[in-house]
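Here is a short briefing for a first look at this model.

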Amino acid sequence: MLIETTEINGFLIDNFNQYKLEEGKTQGICPICSSDRKPKNEKAKCASYDWERGIGTCHNCNKTFQLHTYKRKGKSEKVYVKPPQKEQVEEMQISEPIIKWFETRGISKETLYELQITDGQEFMPQTGKTENAIHFNYFIGDQLINIKYRDGRKNFKLYKGAEKIFYNINSIVGFEYCIIVEGEMDVLALHEAGITNAISVPNGATLGSNNLEYLDNCIDYFEDKSKIIIAVDSDTAGQALQTELVRRLGAEVCYLASFEDCKDANEYLLKYGKEALSQRISRSKPVPLENVTTFKDIEDEVTDFVRNGFKPGFQIGLDNFDSIFSTYTGQFITVTGIPSSGKSDFVDQMIVGYNEKYSWKTAYASPENTPTYLHAHKLMRKTWQGMPTVADIKTDKWNQIADHVNDNYFFIDMERYTLESVLRKGAELVKRKGIKCLVIDPFNKVRAQDASGDVNVYTLEYLSQIEIFAKKYDVLVIVVAHPTKMYKDAKGNIEEPTMYNIKGGGEWYDASYHGLLVHRNYEEKTVKVKVLKCKFQNLGENGAECHFKWDLSSGCFVPHNPNLISDDKLPWEL
């Protein structure tokens, strides 16, 4: 008899040998199809059992199944609302009309039961009344985490306040690979084709949004996967989702599957059948090699350029700055300025702007920006656009902004910062949280491990490591660098530094994609931001500058025209 194990690949077993099969045997009956076969064949040993992986495979129905059930791996950082639990769901019956409708989509009653599909009455906000709705039940372990409702008009909604996770996430435990699709119907279609380890995103693909909260909540389920097949829709939104999943999960384990002339897996099942659908998945191809680009890889970008010409890159939402500078991801910006000039504060303004416009999340490696709670307070003020008071604590606005700062800004805290350890942590935060920005502030407090030898060689190697990271993970990196050489003019004022004033200056100018100067005028109480370098002409203007007033309450930089006598009003006062 097999000795019960407690875990497989880091997943704690909840119910060992859930089908009560012959323990330790490598051959036996299939718990899925054997009961449906003729009496003389119902005990035929049609399945193979792999107890080490916890997986069984049937050679009759061609389905795989899990020998055990598992407890949740990892835990949610938030408290969510939970729908009625499994016992209540099991009491619900799926109605005959719903079964018949699914049959028109190529989905059998057996698949509906295996994936615990139910139906019932539900209020749908799109119609303003209670409708008959299909219930796609989202489980982790034996806990019902969320429900997606679909009515007859193809309106959808998720259970209010519930945690977003992948649909059918339990199914991938024990498998070396899994398939990610864009909708629950595609999971059902693949299950029908014998592919049981498929999961779906909960809310489809949304163009312009890369906030994959469900991936954050389920990231531990992918740690043991050597192959992740992404089989999403071929439209623009689907391809944007594919790009973000590859970035988060790692190109080295991702494969891509397409459905030829069909929109998705369910449509392919209806048109070509189960076997053909299974073959489409088995013929998935690795993500194209890194560092090798073909015309087909970039044809969309070339087409857009031919149609629309040069376009600006990502901007921060301040018109005077956006008119002279923008950027791409996969690049890095060097920000310099004399001490107390507002470099770090303006970088925070940029980060908050990218977050407001594009929902980018950011990680900070800021040894000098301590204690961390004061840095978090700065970001809170900029988001709040004012100074929260004691009376604001735990109000709805406080809680909303506190949650926002918590979910979008991450502070790397190390006893000893090294560039290598910061970039490793940054890579982890790309995978687990989906960051799009990394701030290193200042660079001389985040040293490379090998800091000996010629300063120019060291600087070039340092910046090369940052560039490799930025490109690999499609992240924008901002490096704050203090000047080491500062000179005074005839009046005794400190002259504006350039990138050549940073230690190893020539390499900073040559290697950086972009350079910005932040310089404070104490007499005028203004801050100037100047473009020291912009690598591409469509992204900015070398030598251009813009001016700001600094608002004490919010910590925000307010566009200022130095040629006007009166001060500019704050944006929220206009």
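Helices (H or I, at least four residues) and strands (E, at least two) are DSSP runs, numbered from the N terminus. The model is predicted, so local features need pLDDT of at least 70, side-chain atom pairs count only at pLDDT 80 or more, and totals for chains, interfaces and linings use all residues. Residues are numbered from 1 along each chain as its sequence is written, and side-chain values use heavy atoms, with hydrogens and water left out.

**The second largest pocket**

- On a 1 Å grid over the protein atoms alone, a pocket is an open set of points where a 1.4 Å probe fits, with protein on both sides within 12 Å along at least five of seven lines; lining residues have an atom within 4 Å of a point.
- The second largest pocket has 34 lining residues. Lys 78, Tyr 80, Glu 213, Asp 216 and Asp 407 lie nearest its centre.
- Helix 13 gives the largest share of this lining, 7 residues.
- Helix 5 (213–218), helix 13 (396–408), strand 19 (409–411) and helix 14 (419–433) each supply at least two lining residues.

**Aromatic pairs**

- Rings of Phe, Tyr and Trp (its six-membered ring) pair if their centres lie within 6.5 Å; planes under 30 degrees apart count as stacked, over 60 as edge-to-face and the rest as tilted.
- The whole structure holds 32 aromatic pairs.
- Phe 346 and Phe 557 are edge-to-face, because their ring centres are 5.2 Å apart and their planes stand at 90°.
- Phe 346 sits in helix 11 (residues 343–358) and Phe 557 in strand 25 (residues 557–560), so this pair ties together parts 211 residues apart in sequence.
- Buried means under 20% relative accessible area, exposed over 50%, partly exposed in between (1.4 Å probe, protein chains only).
- Phe 346 is buried at 1%, and Phe 557 is buried at 3%.
- Tyr 500 and Tyr 509 are stacked, because their ring centres are 5.4 Å apart and their planes are at 15°.
- Tyr 500 is partly exposed at 47%, and Tyr 509 is partly exposed at 27%.

**Asn 501**

- Asn 501 lies in the loop between strand 21 (476–481) and helix 16 (505–511).
- Asn 501 counts as buried, because its relative accessibility is 11%.
- The Asn 501 side chain reaches the backbone nitrogen of Thr 498 at 2.6 Å.
- Leaving aside neighbours within four places in sequence, Asn 501 is in contact (heavy atoms within 4.5 Å) with Pro 483, Thr 484, Lys 485 and Tyr 487.

Definitions and conventions:
A polar contact is a pair of N or O atoms within 3.5 Å; within protein, one must be able to donate a hydrogen and the other to accept it, and residues adjacent in sequence count only if both atoms are side-chain atoms.
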